[in-house]
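Please read these notes beside the model.

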Amino acid sequence: MIENRPFLAFLTHLVLIVGVVVVAFPVYLAFIASTHGSGDFMRGLVPLLPGPHMIENYSYMFNVGLSTAGAPPLSIMLLNSLVMAISIAVGKIIISILSAYAIVYFKFPFRLLAFWTIFITLMLPVEVRIIPTFKVVSDLGMLNSYPGLIIPLIASATATFLFRQFFLTVPDELMEAARVDGAGPLKFFRDILLPLSRTNIAALFVILFIYGWVQYLWPLLVTTDSKYYTVVMGIKRLAATADAEPQWNFVMAAVMLAMLPPVLVVILMQRLFVKGLVETEK
Amino acid sequence: MASIDIKGVKKVYSGTVTAIHNLDLSIPDGQLVVLVGPSGCGKSTLLRMIAGLESITDGTIAIDGAVVNAKEPAERDIAMVFQNYALYPHMTVRGNLEYGLKNRGTPRDEIDRRVAEAARILEIEPFLDRRPRQLSGGQRQRVAMGRAIVRQPKAFLFDEPLSNLDAKLRGQMRIEIKRLQRNLATTSVYVTHDQLEAMTLADQLVVMNGGRIEQVGAPISIYERPETLFVAGFIGSPPMNLMPMDGALGAQAFASLDLPSGTDVVGIRPDSLVVSQPQTPSASFSGTVELVEPVGGESHVHMRLAGSSDIMIISVPGRTEIVEGAPMTVYAKAGDLHPFNHQTGKRTDTPAANP
Amino acid sequence: MQAKRTVFPNKILPYFLLLPQLAVTLIFFIWPALQAVKSSFEREDPFGFRTTFVWFENYRRLFIDPLYLSSVGKTAIFAFSVTLLSMSLSLILAVAVNRVLRTNRLYTTLLVWPYAVAPVVVGILWWFMFNPNIGIAPYLLRGLGISWNHRVDGVDAMILVIIAASWKQISYNFLFFVAGLQSVPNSLIEAAAIDGAGPFKRFWTIVFPLLAPTTFFLLIVNINYAMFDTFGIIDATTQGGPAQATNTLVYKVYSDGFIGLNIGSSSAQSVVLMIIVIALTAIQFRYVERRIQY
């Protein structure tokens, strides 16, 4: 910045620190709650400092879970979430990169129609077609299964657009040189385009992993068997009972465990995360 | 090695825009042929049709006697050097050189031998394990050439390969390409918009304009005897002065000369104009010096013709005493004049054009 | 539409490449959407034996249903408040981060992670903070003489979902504002400084106008977010209550259709929502085209 004004610098840091605290406070409270015993939530105010029961709360939730809430141990739900998030991310990336490749590097009848068909998925979030989509999945016998959790969510217009946008910036001459060098379409895709897309794939994976992890409505609809509960929807069931029977320590331990994987991904892969987020929205 | 024969080739885009009109051209075995012309003249399109990167609307292209119209680029046994080099950014230099050979199933030891040889010829041995982005523009250019050489193709196709380099490097690489082509004696087609590059490189120069060939010939013969007004204006720097004959000025300047009938434009190269009147019949022009551009070994004098808004450029050797604002008279020998008709766009002293 | 200057000559291969994407799209997106449109024109008898085609009857009933109209109003208040609150806080934070040099990355990391928190979890976190029995917020408010109970007070409930939804969206808006601020050329700011504009004046006269494309883009995205992506937050905190006070359009589609099993009305509501998404997407993409020329 141009001026050197100590007051302005102070104000800047103050704003940021207040921002960071406000953003972190709800999670801090949750963490504190997850370290106490059940009895600590009877009094008038939640505890504000850590308690001694952290390890036992977490291990209890991880290994046993609250059977009263009809939810399995967190370990199972975390595994389901992991399978779902990774499969959705990988699935979206594969089918989108193939579609984008077809649309950019080939000319064929109905190319425009294909593009618009993919585009339309942007306008049909699951929230607006809940019942008929549920019916399709149910008719296909995909309720209470991994494919039912995953496949209906793997169409992706944004990922297709990101790859299309990226392919358009790859110099035409690269494909021409590869053709002169004797590479056919599949060889060019594998040897040249895929390696060049590595960063985009990684960035997209981060975003899509989070997308898959935080899904709530869809798992809520298609799973009734607790074997297939994902952690995000399982937590809701825990919380629903927590109010009547205040086991906030367990609920919050579960909340912390459910948040941790995607938050870690964001923090550890911040550069890719920012790139993925900003570029998919173009 | 092979000849390339282009017969009646046409390129029409989306049914309406004609980029190439019925073009015929024979490229003899082992020659370096340069296609030159302004942007949009169809030179790149023609090259890309030879490469197989553009479809051919009509006519045939034959390489080494075999028509290749329906063949994929890879099946035509040609190699191409692109303007932006088109090196595979994620592969090392060695990977780039090898890729085409691997795709063809060349045996490993043969690949190694050819890569080593190309690297030696182009002096890129120290960079073989680097990535393209770690190289300078000139080095990338060499790698692009290397990728073409290792293939030992029937023909090299160059698409403005030097235009991304700075002026000094461009001059240097021009010489190298010429030397390399001489040594390998591989048929080469070279596209450029830079007429100096075209003149210095070409065995045969092909001047194109508006999707047609204007003139084919050795560079110097084209310079000395441009067949059309377009070629006259395009080849040569500074460009040829093209003086219209209509009006008092033209009549007066060329009065004493016996120009072919139908001549209405006369072209004079800037270096054909002299300040002292020659003994032989000559045309003379008077005016005022408007600008003097010293370019080193010679100077370009811009003279505004008296009673006209036309500017004439005169190339004079060395530094000149001529000062801006001074009156000036220059002369051109009758033999140095290039008579044209602007309607046909052709020379008027060619037997065919002047029966 | 744009493709490469030269393309591969294969005619069949591209269809195979597109097949998985198109299959998923047709089976799980377009077909169900068409079903929703179809059943929005139908009415089932109470036992589910017969459906009759009723033209626009479902829509007509919808638009005279006071509960639906109230939901439209609640959704508008919710979307507007979330957008305004979240975007203004994010802009302040983004401007601040853009001013610091060394600690820039650290602050960014500490501010962006809520993006990865699932909406339901966000709901639970804030529900816990505002829990009328033990939550810290009602406790502090009591100290100020304000009594808080979002279980009975509709306004309290609305405030709770607005705060929770805004909190979650700060990280997203923040990142886009930072990207927007970084694309403002430094030379412009320096020129304004030489012209005698102080930091605040520079912001309002130079930086903020140049941020307009980002701001507009975020406006659309935030409205979209507040309308469609906050299902989990509402489900975890208020479940549309009390007395429909936080029953947004998306939540209502779910509760009427999936819980209440009123398929005709729920489908008509879905179609109305589809039209809203289509409009928002169209606006967003028109704007993207404009930004390319910008």
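The numbered points below concern a predicted model.

1. Extent of the A–C interface. In chain A, 116 residues are in contact with 105 residues of chain C. The area buried between chain A and chain C is about 10,100 Å². Carbon and sulfur atoms give 76% of that area.

2. Polar features of the A–C interface. Five salt bridges are found across the interface of chain A and chain C. The interface also has 20 residue pairs in polar contact, with both residues at pLDDT 80 or more. On the side of chain A that touches chain C, helix H1 (residues 6-33) of chain A gives the most, with 17 residues. By class, that side of chain A has 87 nonpolar, 13 polar and 16 charged residues.

3. One salt bridge at residue level. The whole structure holds 30 salt bridges over all chains. One of them pairs A:Lys236 with C:Asp235, whose closest N and O atoms are 3.9 Å apart. A salt bridge is counted here when a side-chain nitrogen of Lys or Arg lies within 4 Å of a carboxyl oxygen of Asp or Glu, so the pair at 3.9 Å qualifies. The pair crosses between chains: A:Lys236 sits in helix H12 (residues 231-242) of chain A, and C:Asp235 in helix H11 (residues 231-237) of chain C.

4. Helix packing in chain A. How do helices H2 and H13 of chain A pack? Helix H2 (residues 54-63) of chain A meets helix H13 (residues 248-268) of chain A at an angle of about 75°, and their axes are 9 Å apart. H2(A) is therefore roughly perpendicular to H13(A). From H2(A), the contact uses A:Asn57, A:Tyr58, A:Tyr60, A:Met61 and A:Phe62. From H13(A) come A:Asn249, A:Phe250, A:Ala253, A:Ala254, A:Met256 and A:Leu257. The contact of H2(A) with H13(A) has nine nonpolar residues, two polar ones and no charged ones.

5. Helix packing in chain C. Helix H4 (residues 104-112) of chain C and helix H7 (residues 154-182) of chain C cross at roughly 145°, and their axes come within 8 Å. H4(C) brings C:Thr108, C:Leu111 and C:Val112 to the contact, while H7(C) brings C:Ser171, C:Phe174 and C:Leu175. By class, the contact of H4(C) with H7(C) has four nonpolar, two polar and no charged residues.

6. Backbone points to look at. Most residues other than glycine have a negative phi, and most peptide bonds are trans. A:Phe110 has a positive phi, near 70°. This residue, A:Phe110, lies in the loop between helix H3 (74-105) and helix H4 (111-120) of chain A. In chain B, a cis peptide bond joins B:Ser237 and B:Pro238, with omega about -5°. B:Pro238 is placed in the loop between helix H8 (229-234) and strand S11 (241-244) of chain B.

Methods: Residues are numbered from 1 along each chain as its sequence is written. Chains are lettered from A and ligands numbered from 1 in the order in which they are written. Side-chain values use heavy atoms; hydrogens and water are left out. Axes are lines fitted to C-alpha atoms, for helices over the stretch in contact, and angles run from 0 to 180 degrees between N-to-C directions. Helices (H or I, at least four residues) and strands (E, at least two) are DSSP runs, numbered from the N terminus. Angles under 35 degrees count as roughly parallel, over 145 as roughly antiparallel, 65 to 115 as roughly perpendicular and the rest as oblique. Contact means heavy atoms within 4.5 Å. Ala, Val, Leu, Ile, Met, Phe, Trp, Tyr, Cys and Pro count as nonpolar, Asp, Glu, Lys and Arg as charged, and the others, Gly among them, as polar. Buried area is the accessible area (1.4 Å probe) that two parts lose on being put together, summed over both. A polar contact is a pair of N or O atoms within 3.5 Å; within protein, one must be able to donate a hydrogen and the other to accept it, and residues adjacent in sequence count only if both atoms are side-chain atoms.
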